[in-house]
Amino acid sequence: MATRSAAVVIERACKYYGSQDKPDYKPVLTHLDMTVERGTIYGLLGPSGCGKTTLLSCIVGRRKLNSGSVWVLGGKPGERGSGVPGPRVGYMPQDIALVGEFSVRDAVYYFGRIYGMKDDKLRERFAFLCELLELADEGRLIKSLSGGQQRRVSLAAALVHDPELLIMDEPTVGLDPMLREKIWEFLSELARRGKTVIITTHYIDETKQAHKIGLLRDGQLLAEESPEELMRKFDCDTLEEAFLKLALRQDHLPPRRQSALTMSPDVIPERSIAGSQYSSRETFNVITSSTDILTKDEKPKDCNSKSKARYKAVFIKSIQQFSRHPGGLIFSVLFPIIQVVAFFSAIGHDPRDLNIPLINDEAVFSPYGLNVCRNSSLQPIIRLEDEICEFDMISCWFIEEMEKKLLYPLPYNSTEEAINSVSRAKYYGAMHINRNFSEALAIRLRDSDANDDVIKDSNIEVWIDTSNFQISNFIKTQMMKAYKDFIKRTMIACGKNEGIAQLPIKFHKPIYGENDAQFQSFMAPGIMITIIFFLSAVVTSTLMISDRLEGVWERSAVAGVKPKEMLNVHIILQSGVILLQTIEMMGLAFLGYGLHSQGSLLTCGILLFLQGLCGMCYGFLLSIYCGSYTMSYFVATGSFYPMILLCGILWPLEGMSTALRYIALTLPFTIPSKSLRDITEKGYSIADPSVYHGFLVTLAWIVITLMLCLIRLKYKKM
Ligand SMILES: Nc1ncnc2c1ncn2[C@@H]1O[C@H](COP(=O)(O)OP(=O)(O)OP(=O)(O)O)[C@@H](O)[C@H]1O
């Protein structure tokens, strides 16, 4: 039966990064053995990059060894009921790993709450730590503190619950010698009380106060001795000298022997701590399985803090983080308003002040000159002779109708000049009316066998700059409408059937929508969906990545918070924000800008809300699969554009190839945009396939993205 004096036992640990047969292969720990006895301070030393942090993260259960075993406080890290990660261990990582928006008090309380500490206990402990670590004013925000002040708060957060095992990665960097001394005194006091401390530091001198020092080099511990023993063995006065000799000796050994260095009796016998209470590894840690170590009854009660307490802690943290981040607040609350206002103010309105250079030869050669159409006493003349219409200056009516359609003819003297003005991009179109336009038009309408000259003279010639697709289309459409009204007016004046000169196509009242279809009402559903999707995706990915990069996620996980709990809290809070955004957008669109909906506004709201959730899940996916902000922005931008381009609001799906259309239909807001439009424009209900398909696509995206996130979280520690 094993004795139970070891807090941490590591046997033949191997850990590497990358893949063994790839260039990124980086072995860090190679058959490393390590033992930390309970109630001792263990100083872990080693050059930068030798693997100290990796080793600590394996001890706290955040990384897995590739082979070998780790036992911590009688259990395997991550094992159910082991309390590691969790309340039995206090972890101070190398980085500050605290939310910048936390106050000093919030930071310490956050970890206390995770461990389920009661408020009065927390208050008491916080007061003690404030004094011990000389913390800055409790109300100051972490982001406003100096590096040293932040480090002290970070240390306080690791100590708040008085853990059995305290693991600290470089806790004293940047602290003044007096405070360092005070901290070491406190650590010694902890050890006297039976607590175990593992500490990495760059100050070799500091480790004199440790009970045991482990020197990590080339993936192994070159020595694991008390400081006195090390100096005695190497006949040195300082630890630095001892380490130097040890390192030199290792460098001079052939590689094969280097790996056996710790076993070599002439170097440092593995467990030969003279005067130590331990004589060999076997006496304190022959451990073969967790059941050898602690029986069920021996396991400390409540090893894992309560999920409810963790939820409460993470909730409070997220609210503090959000409410103290003005940028995030503005982005979430104000941006939907700005974007909806921008859309309704800028999109779908007819172009205004469009001047069209016009050479009206009919006017130029009339006795009244160019201004004939402006002179109300010189109106076009329709003579009815023998039931036959004769026109004079009828072009003035066409010009009037054009002006009603927002096209303003600008008198020019020559066709060449007018076309030139379009070539120089001054105007979008020019037109020419022939000298005997009225006369030729009268013949054309009257005689079915009018000759080519009559046809030519009765045509109005137009030159358009089509490089601007929207404007050129607008000019063409408005001219057709102007012609329709002009010819109707003319025929009525002649007492003829107005339909004679119209296009022989009859458009009935539209089955859905208005006669004069509005681009705005076509685009609005898709735009609202894209806004709510993107905002949620960006807010979620940014918050999650910042938590991860700042180390808050990692540190919370070591304290026992499960990824699922972090995600759930974010989902609940973000759902509130999405609901607010949905109400804001719908209020503005339907009440503010008078967007009309034939169908249920509630169904519209639910679909928009679900799209927001879908965007949030997409944000999770980005934050979990992208290692950095840069990568997430690249992926976000790279994916959002195709989603918008293919969703059918910019160009109909019918214009795409069949394969592309199928791809477009699987994207998160192609079908939902159409569904929302079908509710607003056609009044369809949720029972209609074109509406519930939108809901199904949205739900499918939510489920698939969440599953991908959970799979990644399960198999790869974040
Ligand atoms: N996630 C990772 N992927 C690939 N390599 C990594 C990763 N993390 C660490 N490494 C590499 O593993 C080695 C050990 O890193 P580690 O951070 O454990 O060293 P360390 O001793 O704590 O260094 P320092 O004292 O500078 O903090 C380094 O060479 C580092 O570049």
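Two strands are taken to pair if DSSP finds at least two bridges between them. On this basis, the predicted model contains an open sheet of three strands in the order β2-β1-β4, with antiparallel pairing. The edge strands are β2, covering residues 26-37, and β4, covering residues 67-72, each of which pairs on one side only. Between neighbouring strands of this sheet the average turn is 15°, with direction ignored.

Strand β1, formed by residues 6-17, is joined to β4 in the antiparallel sense over five bridges, and Val 9 stands opposite Trp 71 of β4. Helix α1, which spans residues 52-59, packs on the sheet and touches β1, β2 and β4; the direction of α1 makes about 120° with that of β1.

The residues around the ligand are Tyr 17, Lys 26, Val 28, Gly 46, Ser 48, Gly 49, Cys 50, Gly 51, Lys 52, Thr 53, Thr 54 and Gln 94. Both β2 and α1 supply at least two residues each to this shell, and the largest share, three residues, comes from α1. When the shell around the ligand is divided by class, three residues are nonpolar, seven are polar and two are charged. The helix that packs on the sheet is thus also the element with the largest share of the shell around the ligand, while β2, an edge strand of the sheet, likewise supplies at least two residues of that shell.

Terms used: Residues numbered from 1 in each chain as written. Predicted model: local features only at pLDDT ≥ 70, side-chain atom pairs only at ≥ 80, totals over all residues. Helix = DSSP H or I, 4+ residues; strand = E, 2+ residues; numbered from the N terminus. Axes fitted to C-alpha atoms, helices over the stretch in contact; angles between N-to-C directions. Contact = placed C-beta atoms within 7 Å. Near = placed C-beta within 6 Å. Nonpolar A, V, L, I, M, F, W, Y, C, P; charged D, E, K, R; others polar.
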